[in-house]
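I opened my notebook beside the model today and went through a few spots one by one. Here is what I looked up.

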Amino acid sequence: MSIALSEKETAPLNYFLHSYGPASTPTLHLGWVFASIAVMVFLIVAGLLAGALVHKRPQNSGNIDDADKGLQWIYIGTGISTCLLLGMAVYALITLNAIARPPQATALTLTVTGYDWWWKVEYEHADPSLNFVTANEIHIPVGVPVLVKLKSADVIHAFWVPVLAGKTQMIPGLINRQWLQADVPGIYRGECTQYCGLQHAHMALEVIAQNAAEFRQWQAAQRKRLVLPPASDADAGRKVFMEHCSGCHSIRGTEAIGAHAPDLTHLKSRRLIAAGTLTNTPEHRQQWITHAQEIKPGARMPSMVLSPVELTALSAFLSTLD
């Protein structure tokens, strides 16, 4: 299934100017207010310093009253700063309360687990047989809140999709909760914002917001078990996969049930691989298989040593995971 969406956002740090959901708009306004106050304070302090340089007190004036006038300004400045800080604290608390809960009941629940250095995404359903797993990519319907349970399998990570919601820690042994809502269809980039090791900078994900019909279609496709043709050119690649990859990766509908790496069922439907590091093309899949440690040094994925025939066959097999 192709993703027929225009990419609305690519830069993860444009959250200061853009917001596409009710969980991020209040924090956007909070950032503007705090930035305005910071700029105002900077300009006042800079102006006072400039004034002090221009208007120096005469030396040996002998008038001790001048020192008392200086203290008055310090008292005034301290009072204004205290009021500003209190006002900012109250505004921040009001903002936190405004985004603590979604405006309506969540329509979907999913669990995101952080690993070194990728994301496991589990979609829940009242009927457990309809649950499914994907990786590094979250699809949500537009206009409805989605509950996201956040876990970590190893170290402390942090889940953050800046233009949709604030950041939340992912701590081993705990389950934190966050809600997302996108009011506009698009592709929104997320990042891990807690330094988690060598490849922290290469631990990205995408949230793809679709209209309800497209989301249901994607969801139905993801729930299907992979059906491979009984005999195909990919058979040799399947053999290579089972010998070299199935210990870590899983593919529903096959004997591959590895749980240490991303589930590769319907891999071809994803836009990116290696947690947002490469686009999902046959060339990049081959590069990732054979040069993983050069692309993401320290990642759990080893650089596989395969013959050209084995690599071509494996690539052909992965291209069937639609």
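I started with Ala274, which is buried, with a relative accessible area of 11%; buried means under 20% relative accessible area, exposed over 50%, and partly exposed in between, using a 1.4 Å probe and protein chains only. Ala274 sits in the loop between β11 and β12, and its phi is near 55°, a positive value in a residue other than glycine. For the element names, helices (H or I, at least four residues) and strands (E, at least two) are DSSP runs, numbered from the N terminus.

A note on the source: this is a predicted model, where local features need pLDDT of at least 70 and side-chain atom pairs count only at pLDDT 80 or more, while totals for chains, interfaces and linings use all residues. Residues are numbered from 1 along each chain as its sequence is written, and side-chain values use heavy atoms, with hydrogens and water left out.

Next I checked His266, in the loop between α4 and β11. His266 is not a glycine, yet has a positive phi of about 60°. His266 is buried too, with a relative accessible area of 5%.

How do α4 and α6 pack? I read an angle of about 100°, with the axes 7 Å apart. That makes α4 roughly perpendicular to α6, a label for angles of 65 to 115 degrees. The contact (heavy atoms within 4.5 Å) involves residues including Val240 and Phe241 of α4 and Leu314 and Phe317 of α6. I also noted that Gly237, Val240, Phe241 and Met242 of α4 are buried.

Arg300 is exposed, with a relative accessible area of 57%. Leaving out residues up to four places away in sequence, Arg300 touches Asp116 and Trp117. I was pleased to see that the peptide bond from Asp116 to Trp117 is cis, with omega near 0°. Trp117 belongs to the loop between β1 (108–115) and β2 (118–123).

Technical notes. Axes fitted to C-alpha atoms, helices over the stretch in contact; angles between N-to-C directions. Parallel < 35°, antiparallel > 145°, perpendicular 65-115°, else oblique.
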